[in-house]
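Thanks for passing this one along. Here are a few notes to read with the structure open.

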2 protein chains.
Amino acid sequence: MKAVVPFKTVNAKSRLSAVLTADERTKLARLMLDDITGVLREAGLKVVLLTTAPFKYDAEIVVSEKDLNSALNDFLSSASEPVMIIMADIPLITVKNVRDMLASPADVVISPGRGGGTNVQFIKEPQKYHVDYYGASFLDHMRIAGDSGLTAEVFDSFNASSDIDEAQDLVELHIHGKGRAAEYLRTFMALDVSKGRVKVMRD
Amino acid sequence: MKAVVPFKTVNAKSRLSAVLTADERTKLARLMLDDITGVLREAGLKVVLLTTAPFKYDAEIVVSEKDLNSALNDFLSSASEPVMIIMADIPLITVKNVRDMLASPADVVISPGRGGGTNVQFIKEPQKYHVDYYGASFLDHMRIAGDSGLTAEVFDSFNASSDIDEAQDLVELHIHGKGRAAEYLRTFMALDVSKGRVKVMRD
């Protein structure tokens, strides 16, 4: 079975530019990808990277110049086996999380991200389904599953829900991360617990 | 077994005052409490409300003028059976979540909140443990468990991690909520998916 990981090869994680340099963002994005693809492989999945430009990486690379939804729906419509679609910025996800999603009896398993997003989907019959990311995509995906006559399970995971998008999200990675991305972040960022909400700050 | 729910009876959910009136905050806080105590009872727990002032509610009420940590640690030190400590602002939590925590073999089960917080703890031997909320309490609680020679399990749940503290958190309640608090919120707030990050706005 395949896991498709959309990956932005240029100007990755731009919303972290308030706290990280371009080099740091590139490195962090790459290490998060490594953490996630490592987890996927350990769970027995073949990794497919979906990129907008050629990229050197130890995985099958699918390059598409289309928007994310069109590129993913092209992939789904030509898939002959179950597909997992997983975002490249959820480095807390574990092998157990992935295995639990694979073990679900539902036709579609949807793991929500914060703010109405969708961070992971496991789709048993890709030809019967399509995706619609952006906006409140969680609600859209639940509706698409229903309209397609497919059963949907909401996968309840803090790990999978924690996408690292903004400065505040780095706190989750710093505190809960067990992989190389977290290790890297901790080399130059510390937790600031001095007042109110916990933040990250340069060491 | 008892579940202790700290509940602020005055000026509840003050960080929501940018988007909700005082009356709306009071009502939402009360409905979130109702949702959570309903879930706890269905999971077989006796509910204890820990308040700073007398409060009329269908539960055992413990009034303490001490700070949260001292009040909770007083409770733990005199407890003769396992105790769950659960925050009053996590209305997405389900009966299954609570039952899964109760079924853990660990001495302490810790369910993280966003930003380093601790939203639920299930403590098998309360006399051997103490709590330290505020700041990065998740790390503190993991350390306290270790220092006390207790095994700790991190409970991975998006539901339990979603505390409703700030305006942006209302999106989670609006999208994922199944209880009365969500129902109430939806009577006067709609989702705004017009641009970028999903928000809530008045109908």
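1. Let's begin in chain B of this predicted model. B:I86 sits opposite B:V120, a residue of β6(B). The strands β4 (residues 83-86) of chain B and β6(B) run antiparallel and are joined by 4 bridges.

2. On to the pairing of β6(B) with strand β5 (residues 108-112) of chain B: these two are antiparallel as well, with 5 bridges. Here B:P112 stands opposite B:T118 of β6(B). The hairpin of β5(B) and β6(B) has 5 residues between its strands, and there B:G115 adopts a positive phi near 70°.

3. How many residues of strand β6 (residues 118-123) of chain B are buried? The count is 6 of the 6, so the strand is largely enclosed by the rest of the structure.

4. Now please turn to chain A, where 7 strands make an open sheet of mixed pairing, in the order β3-β2-β1-β4-β6-β5-β7. β3 (60-63) and β7 (152-154) of chain A have a single partner strand each, so one side of each lacks a neighbour in the sheet. From one strand to the next, the twist averages 20°.

5. Within the chain A sheet, strand β1 (residues 2-6) runs parallel to strand β2 (residues 46-51), with 5 bridges between them. A:V4 faces A:V48 of β2(A) in this pairing. Helix α1 (residues 22-42) of chain A packs on the sheet and touches β1, β2 and β4 (83-86) of that chain, its direction at about 145° to that of β2(A).

6. One more helix to look at: α4 (residues 137-147) of chain A lies across β5 (108-112), β6 (118-123) and β7 of chain A. Helix α4 runs at about 170° to β5(A).

Notes:
Residues are numbered from 1 along each chain as its sequence is written. Chains are lettered from A and ligands numbered from 1 in the order in which they are written. This is a predicted model: local features need pLDDT of at least 70, side-chain atom pairs count only at pLDDT 80 or more; totals for chains, interfaces and linings use all residues. Side-chain values use heavy atoms; hydrogens and water are left out. Two strands pair if DSSP finds at least two bridges between them. Axes are lines fitted to C-alpha atoms, for helices over the stretch in contact, and angles run from 0 to 180 degrees between N-to-C directions. Contact means heavy atoms within 4.5 Å. Buried means under 20% relative accessible area, exposed over 50%, partly exposed in between (1.4 Å probe, protein chains only).
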